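Please keep the sequence and the model in view while reading.

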Amino acid sequence: MKQSDVIVYLRRELGISEPEAKKCLEAVLSAIQLGLIRDESVEFRGFGRFSVKKTPARPGRNPATNEAVTIPAGVRIGFKASNALKEQVAS
């Protein structure tokens, strides 16, 4: 499912115009993004939780030269699905 499919779904489900549906989706995505930027988890009960995970610097190797390198610290965005969502997907 692509973003355009979600907009069509919102339009039909809520009975609103396409620009309004696009604005609704953009607002929800912006709220999730803002929460993650603030280093907060964003939870939707019955759906799941988005969270920021910081990764420490660690040793690694360049596969082309086999030279030892340091992989810098970074940030990953994680998503953990709720049990309810997992059950719906599995059935």
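## Leucine 10 and helix H1

Leucine 10 has its place in helix H1; helices (H or I, at least four residues) and strands (E, at least two) are DSSP runs, numbered from the N terminus. The model is a predicted one, in which local features need pLDDT of at least 70 and side-chain atom pairs count only at pLDDT 80 or more, while totals for chains, interfaces and linings use all residues. Residues are numbered from 1 along each chain as its sequence is written, and side-chain values use heavy atoms, with hydrogens and water left out.

Neighbours within four places in sequence aside, leucine 10 is in contact (heavy atoms within 4.5 Å) with Gly15, Ile16, Ala21 and Leu25. Its C-alpha atom is separated by 24 Å from that of glutamate 87, 77 residues apart along the chain. H1 has 12 residues and reaches 16 Å from its first C-alpha to its last, close to the 16 Å expected at 1.5 Å a residue; the expected span is 1.5 Å times one less than the number of residues. Glycine 15 follows H1 and has a positive phi, near 65°.

Glutamine 3 also has its place in helix H1. With a relative accessible area of 43%, glutamine 3 is partly exposed; buried means under 20% relative accessible area, exposed over 50%, and partly exposed in between (1.4 Å probe, protein chains only). Glutamine 3 and cysteine 24 are 21 residues apart in sequence, and their C-alpha atoms are 12 Å apart in space.

## The two sides of helix H2

Helix H2 comprises 20 residues (residues 18-37), which should span 28 Å at 1.5 Å a residue, and its end C-alpha atoms are 28 Å apart, in agreement with this. The buried residues of H2 are Ala21, Leu25, Ile32, Gly35 and Leu36. They lie on the same side of H2 because they cover an arc of only 115° around the axis, the arc being that of the directions from the helix axis to the C-beta atoms. An α-helix has 3.6 residues a turn, so residues three or four places apart point the same way.

The buried residues of H2 pack against helix H1 (3-14), strand S1 (42-44), strand S2 (48-55) and strand S5 (74-81). On the face of H2 turned away from its buried side are the exposed residues Pro19, Lys23 and Ile37.

## Serine 51 in strand S2

Strand S2 contains serine 51. This serine 51 counts as buried because its relative accessibility is 18%. Apart from neighbours within four places in sequence, serine 51 is in contact with Leu36, Ser41, Arg76, Ile77 and Gly78.

## Positive phi values in loops

Most residues other than glycine have a negative phi, and most peptide bonds are trans. Aspartate 39 is a residue other than glycine with a positive phi, near 65°. Aspartate 39 is found in the loop between H2 and S1 and is partly exposed, with a relative accessible area of 44%.

Asparagine 66, also a residue other than glycine, has a positive phi near 65°. Asparagine 66 lies in the loop between strand S3 (58-61) and strand S4 (68-71) and is exposed, with a relative accessible area of 54%.
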